[in-house]
Every structure is written in structure tokens, then in C-alpha cells.
Amino acid sequence: MKCKILKTEINSFMSFGKMPIANGFLKEENFDNEFFFNLDIGFSEKISLLQLNDHPTPEQMFNKNYPFYTGSSEFMKAHFANYADSVKKYLKTNSRLIEIGSNDGTFLKNFINSNINILGFEPTENTALEAKKRGIKTINNFFSQKNISDLKDFLNNTDLICGANVICHIPDLTDTIKAVDKLLSKKGVFIFEEPYLGSMFKKTSYDQIYDEHIFIFSATSIQKIFNLFDFELIDLIPQITHGGSMRYILARKGQRNINSIVKKILDDEKKMNLDNLQSCINFKKNCEISKNNLKGKIENLKSKGKRICGYAATSKSTTVLNYCKIGTEFIEFICDTTKEKIGKYSPGMHIPIVSMNHFYEQKPDVAFLFAWNHKEEIFNKEKNFTENKGEWISHVKL
Ligand code: TMP
């Protein structure tokens with residue numbers, strides 16, 4: 001097996017089994033032709049990169065019905081406002097700013113009515129349309145060398161390129177970096193944040209692994225990969241989003257000062273064996289333990305006659321439900337706020353997705369919190385459930 005970047009060898013070390021598309025919520029009439037692939041992961045020691053061995057095409061994952069809007073979470077809206085504030089130091093009057101994977105414009109809208117020229121790249125039609133409605137200039141396409149070639153005003157002239165939860169989705173990372181290289185000005189900066197390998201290993205949050213997350217990055221892997229393209233890490237900012245993410249800040253080599261935290265985090269990662277296969281082998285063992293514990297817990301609750309529902313039909317839940325083989329015999333329904341998901345079924349295990357009203361009317365005993373990374377916001381909203389002895393469970397520590 002070859003790594004998609006640099007064609008280095010990758011060691012395949014774990015399989016989560018047959019898996020559908022994580023965001024492939026579907027109607028009953030489509031059960032028979034549902035798409036599955038083998039969710040296997042490997043590690044390339046040369047660039048310390050954890051990646052999927054196989055994945056669906058980007059067009060299968062990011063299409064006109066992509067059911068995720070960044071703005072669906074109040075917490076994420078506030079997060080993106082802070083993110084926008086923190087990057088202003090890299091911009092000057094009339095700077096150009098591009099966001100890769102701009103979704104409904106939640107991040108870029110913070111720059112509307114400023115003197116910054118903003119541009120979003122968003123392949124999913126429904127979310128790009130939302131952004132356009134907000135007056136955000138959006139190219140409804142994938143970010144790639146081919147798709148930036150006409151942007152004459154932006155080539156070699158973009159001071160900042162940002163992304164969040166998007167770079168790990170793009171299979172051809174080499175092409176992405178080359179496109180970034182073509183766009184950035186001499187002192188330009190590339191910033192992106194993604195679920196962090198260190199947090200995933202620490203929490204055994206294996207649900208970060210699904211079709212869209214082709215790579216799970218660490219500072220070590222980012223440093224090694226970008227070094228090959230004459231970029232270097234100048235700063236790192238750990239984030240609490242998505243159960244633990246890392247914001248990577250990169251510039252052309254020698255163009256900007258390097259924050260001392262970069263060395264500290266790289267050293268910490270070495271101690272955690274994030275640069276080699278040992279940490280992956282431990283993770284695999286922990287996933288198997290977690291799966292057995294979760295099945296035991298759910299079977300125990302069912303044997304006591306408890307009614308269990310799922311709370312929030314997240315993309316991550318697809319890995320948990322299919323890896324642990326949890327279907328409607330355990331979980332009656334999953335409630336969610338997203339209109340595109342309600343009335344459909346969960347990928348693979350076919351649990352009905354219902355509106356929040358169903359949750360309030362049915363009053364289940366137990367709620368499996370699939371959106372565990374939004375627990376503060378959700379616990380705050382659902383005080384009634386908790387006060388009425390509703391029990392929250394998850395495969396990770398809540
Ligand atoms: P994601 O983890 O794949 O981004 O999906 C998050 C899902 O969680 C999305 O479908 C919306 C849903 N959600 C709720 O239903 N209620 C909530 O309070 C929050 C924060 C999210």
C-alpha cells in the first residue's frame with residue numbers, strides 16, 4: 001500500500017469493517033443500492049501520517065445535498081468569529097483572503113464590510129448557496145490548482161488562506177499545497193485546523209475516522225509534509241473543537257518568526273510516539289476495548305428495559321454505529337436539528353432520523369450523545385431531560 005503523498009509505504013494496521021458514507025443519510029427506497037467501502041487505516045512512518053487506505057471519491061461525499069451547515073451550532077459560530085479575529089494580524093488593508101471549504105460562509109461573514117477581499121471555495125451546492133445569499137463571493141467548486149488558475153488577482157497575491165475541518169478531507173494534498181503555493185504572497189500565511197491525532201488517541205475517539213477524514217494530522221506530520229514544499233510551521237494553537245483539534249499556521253521558510261510552542265508540541269508528540277507506529281498499535285487495542293465496553297453497556301441498559309435514543313445524527317456516529325453494529329434493536333431513533341436529515345435513515349444501520357420534537361414527546365430513558373463534542377451546548381439546552389433523570393451515554397468520556 002502506497003501513501004497518497006510522496007508514495008511512501010504505509011502500514012495498514014486496523015480495519016473498522018464495511019462502512020457506508022458517513023453523511024449518506026438515505027431514504028428507505030435507497031437501502032438496496034447503498035454504497036459501502038472498507039474503512040481501513042494505515043500509517044506512513046516517513047511522514048508520520050495516519051490515513052485511510054481507501055475512500056469514496058470527493059464527488060460521492062461532497063455533493064449538492066451535503067447535509068452539514070457550519071452555522072447549525074451556536075458554539076461553532078462563536079468559534080469562527082474568534083478564529084476570524086485571531087487571523088486579522090496577518091492581513092492589511094485590501095489584503096486578499098481565501099477560505100477553502102467555506103460552507104455557508106460562517107467564517108467569511110466576519111470579514112464582510114471590511115476592507116479585505118474575500119473569496120470562498122465550497123464544492124457543496126446547498127451550502128455555497130447559503131453563503132452567496134449572505135453576499136459572500138463563493139466559487140462552487142473544489143479548491144485545486146486547476147480551479148484557481150483563472151484567479152489572476154489572487155495568484156502570488158493572497159496574504160491569507162484559511163480552512164477548518166477541510167484539509168483532511170482532500171485526497172490530493174500535494175495538489176492543495178501547490179495551489180496554496182501559487183496563491184500566497186511572499187509573506188503569506190496558510191492556516192487550517194483539523195481534528196488532532198493526539199486528542200483522538202488520548203480519548204480513543206475513533207469516530208473521527210470516517211470517509212471524509214482521509215488524514216488525521218499531527219504537528220509532526222504537517223511539519224514533515226510542508227517542509228517538502230518549502231513551508232514551515234510558525235505557530236500551533238490547540239483547539240477544543242471536534243473533541244480536540246490543532247490549528248496549524250504555516251509560512252514560506254524563513255519569512256516569519258517561529259513561536260517557541262512549535263518545538264514544544266513537536267517534542268511532546270515524540271514522547272507520545274505520534275511519529276511512529278507504536279501509538280497506532282495502542283490505539284487499535286483501545287478501540288477494541290471501547291467497542292466491547294459500549295456494547296456491554298447498551299445491552300445492559302436494554303436488559304433493564306430502558307428506551308435508548310441517539311442525540312444528533314453526526315457524521316461521526318456512522319463509524320460508531322457500524323463498527324459496533326448498533327441498530328434499531330438498541331437505538332429507536334436519532335433526533336437532529338438538520339432538515340436534510342430528518343425523515344431519512346442513518347447510513348448502514350438504518351436508524352430513523354427524527355426531529356427534536358420526537359425526542360421531547362417520546363421521552364426516552366437514555367440518550368446516546370453522538371455530538372459529544374458539543375456537549376456543553378447540548379447539556380445546557382436539554383436541562384429538562386437531565387433533570388427528569390434522563391441518562392446521557394457515549395463511547396467517550398462525557
Ligand atoms: P457533525 O458532527 O457531523 O458536524 O454533525 C453535527 C450534527 O449534530 C448536525 O446534524 C446537527 C446536530 N446537532 C443537533 O442536532 N443539535 C445540536 O444541538 C447540535 C450542536 C448539533
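Residues are numbered from 1 along each chain as its sequence is written, and side-chain values use heavy atoms, with hydrogens and water left out. Because the model is predicted, local features need pLDDT of at least 70 and side-chain atom pairs count only at pLDDT 80 or more, while totals for chains, interfaces and linings use all residues.

Strand 10 runs antiparallel to strand 11 (residues 245-252), and 8 bridges join them (pairing requires at least two DSSP bridges). Leu233 has Leu250 as its bridge partner in strand 11. The two strands form a hairpin with 5 residues between them, and His242 in the turn has a positive phi of about 55°.

Helix 7 (residues 219-227) and helix 8 (residues 261-271) have axes, fitted to C-alpha atoms over the stretch in contact, that come within 9 Å and cross at roughly 115°. Helix 7 is therefore roughly perpendicular to helix 8 (65 to 115 degrees, on a scale from 0 to 180 between N-to-C directions). Here Ala219, Thr220 and Gln223 of helix 7 meet Val262, Ile265, Leu266 and Glu269 of helix 8 (heavy atoms within 4.5 Å).

Asn156, in the loop between helix 4 (145-148) and strand 7 (158-164), also has a positive phi, near 55°. Asn156 is exposed (over 50%), with a relative accessible area of 56%.

Terms used:
Helix = DSSP H or I, 4+ residues; strand = E, 2+ residues; numbered from the N terminus. Parallel < 35°, antiparallel > 145°, perpendicular 65-115°, else oblique. Buried < 20%, exposed > 50% of the residue type's maximum accessible area, 1.4 Å probe, protein only.
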